[in-house]
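Try each task before reading its solution.

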Amino acid sequence: MKLITYAALLTALTIGNVFAESRWGLGLGVSTGDKGYVDVGNETNAIPIIYYQSENFHLLGPNFGYKLLGFDELEFSFVGQYRFDGYKEDDGDIFAGMEERSGALDLGLSLDYNTDFGEFSLQYLTDATSEHEGNELSLTYAKSFHFGDYQLKPYVTFTRLSEDLVDHYYGVRAVEATASRAMYLGESTSNVELGIQSSWQVGKHHNFIGYASYTAYGSEIKDSPLIDKSGNLNFILGYMYVF
């Protein structure tokens, strides 16, 4: 299993104004977190960071966005990201006898509005690879606080996950059911994520980031026999050199 970390790095790394002056960045991050599966503990991963930005296009690893329209503080973009959800049978005893669930490439649209009160983002993503065949709709509010070269950005995200998406990653099919793992059909549900991102810019080339979040699972995820927690914590530390 892998954690969904690139989207978090993308927002955290772009807190500062460093990318207004440069188009390329390379770095490394480390993430740790627990996705809530039964008897499966924290997972730590190294995250290579490859960044490119032009006037209308940005890329960070498997995440990208292309600005289609912009009106003052309002932007409308085509976006994509790789979903790192899923598991293999040998990831934990709970998955014994279950078919592997893989990640997916999700594509969609994003509407971003920046105000003096904060930043609002509405995003819709749908599966472009026919893996989970679902979609999600999320609304995020964030507020940046600047302290010289150091910045903090707390945020809250409400995400509505479709029935197909929930069932694919948290459901148990009839042929996978056992005496200790009942068949389970997931339905649409909503998650709430609370987090804070930080960025420290040192000179023109060095950018350090920190990220912490807690995602509270919706009832349809918590009720899955694969899940034994009500949510998950995720932490990221990273560094990028900007050319």
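**Exercise 1: a charged patch**

Glu133, Glu163, Asp164 and Glu187 come together on the surface as a patch of negative charge. The model is a predicted one, in which local features need pLDDT of at least 70 and side-chain atom pairs count only at pLDDT 80 or more, while totals for chains, interfaces and linings use all residues. Residues are numbered from 1 along each chain as its sequence is written, and side-chain values use heavy atoms, with hydrogens and water left out.

Task: find where Glu163 sits and how exposed it is.

Solution. Start with the rule for a patch: its residues have over 30% relative accessible area and no salt bridge, with like charges joined within 9 Å and nonpolar side chains (Val, Leu, Ile, Met, Phe, Trp, Tyr) within 5 Å. Lys and Arg count as positive and Asp and Glu as negative, with His and the chain ends not counted. The place of a charge is NZ of Lys, CZ of Arg, CG of Asp or CD of Glu. Accessible areas come from the Shrake-Rupley method with a 1.4 Å probe, and for residues only the protein chains shown count as cover.
Finally, Glu163 has 47% relative accessibility, so it counts as partly exposed; buried means under 20%, exposed over 50%, and partly exposed in between.

**Exercise 2: positive phi**

Task: locate Glu133 and Asp72, and describe their phi angles.

Solution. Begin with the background: most residues other than glycine have a negative phi.
Glu133, however, has a positive phi near 55°. Glu133 is in the loop between strand S7 (119-127) and strand S8 (135-142), and it is exposed at 54% relative accessible area.
Asp72 also is not a glycine, and its phi is positive at about 55°. Asp72 belongs to the loop between S4 and strand S5 (74-83), and at 82% relative accessibility it counts as exposed.

**Exercise 3: paired strands**

Task: trace how S12 pairs with S11 and with S13.

Solution. Two strands pair if DSSP finds at least two bridges between them. Strands S11 (residues 189-202) and S12 (residues 206-216) run antiparallel, with 11 bridges. Across this pair, Ile196 has Ala212 in S12 as its bridge partner. The hairpin of S11 and S12 has 3 residues between the strands, and there Gly203 takes a positive phi near 70°.
On to S13 (residues 231-242): S12 pairs with this strand in the antiparallel sense too, over 11 bridges. Here Gly210 stands opposite Leu237 in S13.

**Exercise 4: salt bridges**

Task: which parts of the chain are linked by the Glu136 and Arg83 pair?

Solution. A salt bridge puts a side-chain nitrogen of Lys or Arg within 4 Å of a carboxyl oxygen of Asp or Glu. The whole structure has 10 salt bridges. One of them joins Glu136 and Arg83, at 2.9 Å from N to O. Glu136 in strand S8 and Arg83 in strand S5 are 53 residues apart, so the pair links distant parts of the chain. Both Glu136 and Arg83 are buried.

How values were computed. Helix = DSSP H or I, 4+ residues; strand = E, 2+ residues; numbered from the N terminus. Buried < 20%, exposed > 50% of the residue type's maximum accessible area, 1.4 Å probe, protein only.
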